Amino acid sequence: MASPDSIISEHPPRTFSQSSVTGPDSNQPSSPSKRPQLEIRSFRRGFGIIGLLSTFFVFIVTAGTATLILGWLYTFHDPVTTAGGVTSALRNGMFAITEPSDPDGSLSSQTHSETLRILMFSALASHLVSVTSTILVTLLAYRSATQWLRASENPDNVNLSPIQYGLLVRTLGSGSLMAIINTLRYTSRSKRARAPRVFKEAFIGVTGIYILSHTVGVIDLWLHSSARSISVFRAVPTQSDAQFGITYNDTICGPFNKTELPCQNLISTQLDGTYWAYDEQWMYLEGYDTIANSNPEISLESVNDVVILVPGPDRNFKSTGFIINTHGLQVECTNLRDQCNRMMAPIIEAFVHGSGPVTNCSKAGYPRIPYYTSGDLKISGRDTRNIQSLVIGIIGDEMGGMHNGTTDFSSGWTSNPASTVVQLRWGNATAQWNSGTPGVSYLNALDLYVTCELSYLDVTAQYDPIEAKWSILEKSLSSPELASVFWTPMIFQLGTDDLKHTLQPYIMNKGVQTVDMLNSLMAKYGIAYAAPLMQFTAASNVTTPQLVAVGLYPAAPTLLLVGCLYLYSLIALVIFFLACTANNRTIFVPRQITRKKERDEERSALDVAQTWLTDPLPFVGSIFPGGDGQHVARSVESDPLLQVYDSDWELGKVGIGLYKGSKGEMIFGLMRQSHSRSKRYGRVFSTVDEDGALQEKVPVHGSTVIGPSLAVIGKMEC
């Protein structure tokens, strides 16, 4: 191994003309008599396509992802969960997004798979930020290179010390946590060289970028841990001519004609009396089936004390949502017992207080109630009056329905609401006396006297297939003419016997529920016997329920993520413009020095300086210049891979170990190892005097600068 002293002696100090680094006024090409040299010239230009593409990539990735998240939140927000839009979501602290899903199966048992898109965008943003953080640090290196070039123009400026340069290369080259920690350790020293502005700004910038990029990762984790999805049904509009609506069919009863009775076409007189729909037995059967919920075409539904007509099971509507027009009946009954005149019956009063025999209801305005044609009330409480169960219609001062239905009236057209009095008798019911009964007790019977208001309604109803229930959207009183037609079957006593039998257990044992139950039964029977007079019409707002996945995202992490991404993109733009506006130096390369030797070239001094701050290869290339004579051209390459000579034959190898220093001391460090074949063929490592790359500027006499070349650390032959 050659001694370090002998190696250093091969490289005496060299003198460089100051013309090799010219100022802004030195724009003339080198004189032919002089050796071609590199020159730094002032020239206003951008820092090149590399910095522009890097900035554009970072901006598109970060700002584009943030905009995508906001656009997705706005476009696909669930209008049901967040009825107030984005404002409601911010107020509730939760974004609700309709997620793409793939439903499969029937309405009762649908399954689906979905992708929570905001979580996917969040994970993508976290990954891309971690990738682009190194690009952003590289952009920051342009800013640092600008400051470094300015500081290097004057030896009196505060510039980087060797350790600061090494720390800066590692920090800007990797942006890793260990590089930041080492730099932080250095800055915390009490005794150290003064840190220039380029060092401080680069360290603060890299640290900020590192914290911001990992903050995005933490927010992404927060969002993933708090977001969730729920499965809900949503109504999807469909084009369908669904015949679910129900309306009055005037072809059966004929047009309204007040010179006749309502539905005169169906009223006929037989030998034993006057009847309604005597020859239309199907109408009776359809009414019975409707009450029993066995009518395949029309059913009854009770909604908020209103009984409405709805389509039956044969209409196959259960899996469809829609709005229909239909008809309904609401009944409100009031017990007359306490408003009637009573006879004192000590025996009955002894057992059932307050429900003694009633002579009539004159005090309530109904002197002919209870209605009877023969018999009398005994003082003992036995009633021999022929009281029958009847639904008696009231039109003005007239009562009807006791004998021949609506023909009992001089005119059967009622108002709406229609007025009725219901009297029901259960014979031989004394054994069932109950002190809580709302009825009137006799020794041989139990009666109920109530007055009922029948409100016939035009109803707009909606069916919800998800909840499988009906709701009333609007209701209004039907016309008096229509109400007169609908109440006609009831005045002809259709359903009165069924009403009495159904109500018996309530009046016997559940007295307080009797009147409420009567309201429901009167509405049910009253509208059911009008069902044969109906026809179907088209429904509106027909929809089909679809299983939808709704993603719920907390507003705080979502907005923080968007804010960090926009901040990240803004930092990239700021760094770009700061570096761009300061890039006013170019390196003039004469054609004799270029690789192809065809024409003069110009290189961006900022690009080259940035490479020196982000990659150790330029420094390695300056120590090991190679023997091909292209070391000068390589020194101004902006690609670090092109700044280092590489050849197994010429350059030899770089080893590490102990070598002797200039004073014979053993030092651990890099050693130059030549290939064994170099000696065999008489070739040694090239030591051209121009190979010195790293020069320490020292002002000396006049216009010259003297700098010793970097000593070769060691040389070992294998």
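Helices (H or I, at least four residues) and strands (E, at least two) are taken as DSSP runs and numbered from the N terminus. The structure is a predicted model, in which local features need pLDDT of at least 70, side-chain atom pairs count only at pLDDT 80 or more, and totals for chains, interfaces and linings use all residues. Residues are numbered from 1 along each chain as its sequence is written, and side-chain values use heavy atoms, with hydrogens and water left out.

Most residues other than glycine have a negative phi, and most peptide bonds are trans. Two prolines follow cis bonds here: the Ile369 to Pro370 bond has omega near 0 degrees, and the Asn416 to Pro417 bond has omega near 10 degrees. Pro370 sits in the loop between strand S12 (358–360) and strand S13 (390–395), while Pro417 belongs to the loop between strand S14 (398–400) and strand S15 (418–427).

Ala277, in the loop between strand S7 (273–276) and helix H9 (281–291), has a phi of about 55 degrees although it is not a glycine. Asn304, placed between strand S8 (298–303) and strand S9 (306–311), has a positive phi near 55 degrees. Ala277 is buried at 2% relative accessibility, whereas Asn304 is exposed at 65%; buried means under 20% relative accessible area, exposed over 50%, and partly exposed in between (1.4 Å probe, protein chains only).

Turning to the aromatic residues, the structure holds 20 aromatic pairs. Rings of Phe, Tyr and Trp (its six-membered ring) pair if their centres lie within 6.5 Å; planes under 30 degrees apart count as stacked, over 60 as edge-to-face and the rest as tilted. The rings of Trp72 and Phe121 have centres 5.4 Å apart and planes at 80 degrees, so this pair is edge-to-face. It links distant parts of the chain, with Trp72 in helix H2 (residues 49–75) and Phe121 in helix H4, 49 residues apart. Both Trp72 and Phe121 are buried. Tyr456 and Phe486 form a tilted pair, 6.0 Å centre to centre with 55 degrees between the planes. This pair, too, links distant parts of the chain: Tyr456 lies in strand S17 (residues 445–464) and Phe486 in helix H11 (residues 480–491), 30 residues apart. Tyr456 is buried at 1% relative accessibility, and Phe486 is buried with a relative accessible area of 1%. Elsewhere, ring pairs join Phe244, Phe317, Phe322, Tyr463 and Trp470 into a cluster.
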